[in-house]
Amino acid sequence: MPELPEVETIARGLARNVTGDVIESVWLGSKPEPLKSTPAEIVRTLEHARISGVRRVGKHIVVDLSRKSRVASRQKNQAQWIVHLGMTGRLLVAKPEHELPKHTHAVVRLRSGRELRFVDPRRFGRLAVAQQSFHAPGAEPLDLGAELFGGLFRKRKTPIKSALLNQKLLSGVGNIYADESLFRAGIRPRRRAASLTRAELQRLYGALQEVLNEAIAAGGSSVSDYVDSNGDAGFFQFQHRVYGREGEPCQVCGTPIKRIVIAGRSAHYCPKCQR
Ligand SMILES: [Zn+2]
């Protein structure tokens with residue numbers, strides 16, 4: 001499942017590629033699951049709108065749209081196209097002559113002659129439109145200060161790993177980056193969030209910032225079938241120190257990495273380096 005760095009990579013690629021382009025027409029597939037707004041609403045909002053920017057909000061890709069208001073008004077009509085990639089969703093820039101992949105649920109045709117295609121075999125991804133500014137439920141990990149970060153976990157009785165994954169607290173952190181930042185901070189995933197000392201929370205904050213920024217610089221982690229908007233893979237999977245490395249020696253101390261299950265999600269850690 002794409003996490004914050006992957007979605008950030010896709011959003012940055014799209015921002016470079018399609019900002020300023022105009023949506024000419026929209027085709028939507030017949031599967032109802034991917035559409036969170038009604039097809040009519042999506043088509044009405046997207047068609048003839050200008051893409052004024054693309055950015056990441058939590059794990060969502062937000063395409064900012066503007067159009068000249070039909071009514072005589074100085075105000076520009078603002079709307080947003082919001083894409084959540086779910087497990088296997090991809091948002092690709094393609095030329096119309098490229099064969100349409102199986103499981104394509106939406107094709108957005110641009111004035112430049114290119115297309116934005118939403119492809120999602122497992123159909124957990126979602127397309128929606130909003131007329132108001134879209135906000136993710138949790139705090140944005142890269143904009144948050146260390147104090148506010150610590151405050152999120154102070155009274156939580158859940159394991160710190162689960163708290164990091166809780167999208168109502170933090171937006172965009174998933175299994176990979178939770179495991180990697182807990183390793184770098186030397187904290188066991190099963191520790192109760194409320195039991196973390198101030199110093200540990202500071203370390204975790206620093207580790208999470210570091211891991212997310214390094215992963216963004218590497219274009220994200222290509223596990224399963226993640227690719228960016230140009231169809232290119234990311235490289236951060238080669239820098240994973242614990243995630244997906246069960247049984248391999250810890251890169252710091254040589255102890256085999258352990259994998260456990262916490263609240264139905266796997267967690268990877270070094271029993272010696274993490275306390
Ligand atoms: Zn170790």
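1. A donor, as the word is used in this note, is an N, O or S atom within 2.8 Å of the metal (3.2 Å for Na, K and Ca), and since water is not among the atoms, sites may look incomplete. The donors of the zinc ion follow the spacing C-x2-C-x16-C-x2-C along the chain.

2. The model is a predicted one, in which local features need pLDDT of at least 70 and side-chain atom pairs count only at pLDDT 80 or more, while totals for chains, interfaces and linings use all residues. Residues are numbered from 1 along each chain as its sequence is written, and side-chain values use heavy atoms, with hydrogens and water left out.

3. The zinc ion has as its protein donors the SG atoms of Cys250, Cys253, Cys270 and Cys273, which lie 2.2 to 2.4 Å from the ion. The arrangement is tetrahedral because the four donor atoms subtend angles of 100 to 112 degrees around the zinc ion, the requirement for four donors being that all angles lie between 85 and 135 degrees.

4. Cys250 counts as buried at 5% relative accessibility, whereas Cys253, at 27%, counts as partly exposed.

5. Strands here are DSSP runs of E with at least two residues, helices are runs of H or I with at least four, both numbered from the N terminus, and two strands pair if DSSP finds at least two bridges between them. An open sheet of four strands runs in the order β1-β6-β7-β5 with antiparallel pairing, and its edge strands, β1 (23-28) and β5 (90-94), each pair on one side only. Strands β1 and β6 (residues 104-110) pair in the antiparallel sense over five bridges, and Trp27 has Val107 in β6 as its bridge partner.

6. For aromatic pairs, the rings of Phe, Tyr and Trp (its six-membered ring) must have centres within 6.5 Å, and planes under 30 degrees apart count as stacked, over 60 as edge-to-face and the rest as tilted. By this rule the count comes to three aromatic pairs. One of them joins Phe149 and Phe153 edge-to-face, with 5.0 Å centre to centre and 70 degrees between the planes.

7. Phe149 and Phe153 are separated by about one helical turn because they are four residues apart in helix α3 (residues 146-153). Phe149 counts as buried at 1% relative accessibility, and Phe153 is buried with a relative accessible area of 0%. Ring pairs link Phe149, Phe153 and Tyr205 into a cluster.

Terms used. Tetrahedral: all angles 85-135°; square planar, octahedral: opposite > 155°, others 65-115°. Buried < 20%, exposed > 50% of the residue type's maximum accessible area, 1.4 Å probe, protein only.
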